[in-house]
Amino acid sequence: MTTNLHSAPRTLRTARLSLLPPGPEHLPDLIRLKEDERVFGPMLHGTRTPDRTRQELEDDIEFWLVRGYGTWSVFEQGTGEFLGICGLMERPDGRGVALRFALWPECRGKGYAREAATATLEFGHRAGLPRIIAVARESNHASRGVLTDIGMRACGDFRHQGRRMLVFESVRPTGS
């Protein structure tokens with residue numbers, strides 16, 4: 001069954017996580033995450049300044065209003081601890097709607113990225129997005145592992161700033 005993106009519930013809950021649409025109350029956590037070299041250094045455009053993070057938060061809030069989906073702030077349910085972000089965004093290179101995630105390195109090996117990415121992918125397909133992609137550096141084995149573990153398959157590659165980037169996809173027939 002397909003749901004309209006604008007009528008889909010915006011808060012997601014998994015066994016251990018709460019995924020909340022971003023709001024101004026998340027700004028301090030987002031600044032810490034996005035200025036951390038360990039988390040955002042490898043990301044497209046690298047680490048962010050507090051001002052850029054503030055602008056991205058405003059853009060993320062607007063994106064939710066326009067598109068009915070976007071990036072969630074990810075919290076551990078038991079403690080309320082901020083773990084990172086996960087969501088769906090339009091790729092600036094025109095490749096399509098992409099799954100993205102960035103969690104604290106301390107979260108590695110606990111399955112949080114898989115749990116958040118699975119919930120996000122299911123949300124997107126349930127809401128009517130038939131194809132969702134993800135892009136990972138060839139050298140980023142952790143992200144590649146998450147993407148294949150949640151059922152995405154490699155479908156192409158390209159070069160960005162001298163690095164090989166792998167494209168993954170999840171395709172569901174419309175109406176299912």
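Predicted model: local features only at pLDDT ≥ 70, side-chain atom pairs only at ≥ 80, totals over all residues.
Visitor: How many salt bridges does the structure hold?
Guide: A salt bridge here needs a side-chain nitrogen of Lys or Arg within 4 Å of a carboxyl oxygen of Asp or Glu. Counted this way, the salt bridges of the structure come to 16.

Visitor: Which residue forms a salt bridge with Lys34, with the closest N and O atoms 2.6 Å apart?
Guide: The closest N and O atoms of this pair are 2.6 Å apart, and the cut-off is 4 Å. The partner of Lys34 in this salt bridge is Glu56.

Visitor: Why does the pair of Lys34 and Glu56 tie together parts that are 22 residues apart in sequence?
Guide: Lys34 lies in helix 1, residues 27–34. Glu56 belongs to helix 3, residues 50–67, so the pair joins parts of the chain whose separation in sequence is 22 residues.

Visitor: Are Lys34 and Glu56 buried or exposed?
Guide: A residue counts as buried under 20% relative accessible area and as exposed over 50%. By that rule, Lys34 and Glu56 are both buried.

Visitor: Which residues are linked with Lys34 and Glu56 in a network of salt bridges?
Guide: Lys34 and Glu56 form a salt bridge. They also belong to a network of salt bridges, and the other residues linked in it are Arg48 and Arg52.

Visitor: How many residues apart are Arg38 and Glu106, which form a salt bridge?
Guide: The closest N and O atoms of Arg38 and Glu106 are 2.7 Å apart. Arg38 is in helix 2 (residues 37–40), while Glu106 is in the loop between strand 5 (97–103) and helix 4 (112–126). The pair thus links distant parts of the chain, and the separation is 68 residues.

Visitor: Which residue forms a salt bridge with Asp149?
Guide: The closest N and O atoms of the pair are 2.5 Å apart. Asp149 lies in helix 5 (residues 141–149) and its partner in helix 4, 35 residues apart.

Visitor: How many residues of strand 4 are buried?
Guide: Strand 4 spans residues 82–90 and is mostly covered. Of its nine residues, the number buried is eight.

Visitor: Which residue in strand 4 is the bridge partner of Val74?
Guide: Strand 3 and strand 4 run antiparallel and are joined by five bridges. They form a hairpin with five residues between them, and Gly80 in the turn has a positive phi of about 80°. Val74 has as its bridge partner in strand 4 the residue Gly84.

Visitor: Which residue in strand 5 is the bridge partner of Cys86?
Guide: Strand 4 and strand 5 pair over seven bridges in the antiparallel sense. Their hairpin has six residues between the strands, with Gly94 in the turn at a positive phi of about 80°. The bridge partner of Cys86 in strand 5 is Phe101.

Visitor: Which strand supplies the largest share of the lining of the largest cavity?
Guide: The largest cavity has a volume of about 40 Å³. Its lining includes Pro22, Leu30, Lys34 and Trp72, and divides into four nonpolar, two polar and two charged residues. The largest share, three residues, comes from strand 3.

Visitor: Which strand gives the most to the lining of the largest pocket?
Guide: The largest pocket holds about 1300 Å³ of space. It is lined by 48 residues, and Met43, Leu44, Arg100, Phe101 and Val135 are the closest to its centre. By class, the lining has 24 nonpolar, eight polar and 16 charged residues. The most, six residues, comes from strand 5.

Key
Residues numbered from 1 in each chain as written. Heavy atoms only, no water. Helix = DSSP H or I, 4+ residues; strand = E, 2+ residues; numbered from the N terminus. Buried < 20%, exposed > 50% of the residue type's maximum accessible area, 1.4 Å probe, protein only. 1 Å grid on protein atoms, 1.4 Å probe; cavity = no way out; pocket = protein on both sides within 12 Å on 5 of 7 lines; lining within 4 Å. Points joined across faces, edges and corners; volume = space filled by probe spheres on them. Nonpolar A, V, L, I, M, F, W, Y, C, P; charged D, E, K, R; others polar. Pairing = 2+ DSSP bridges.
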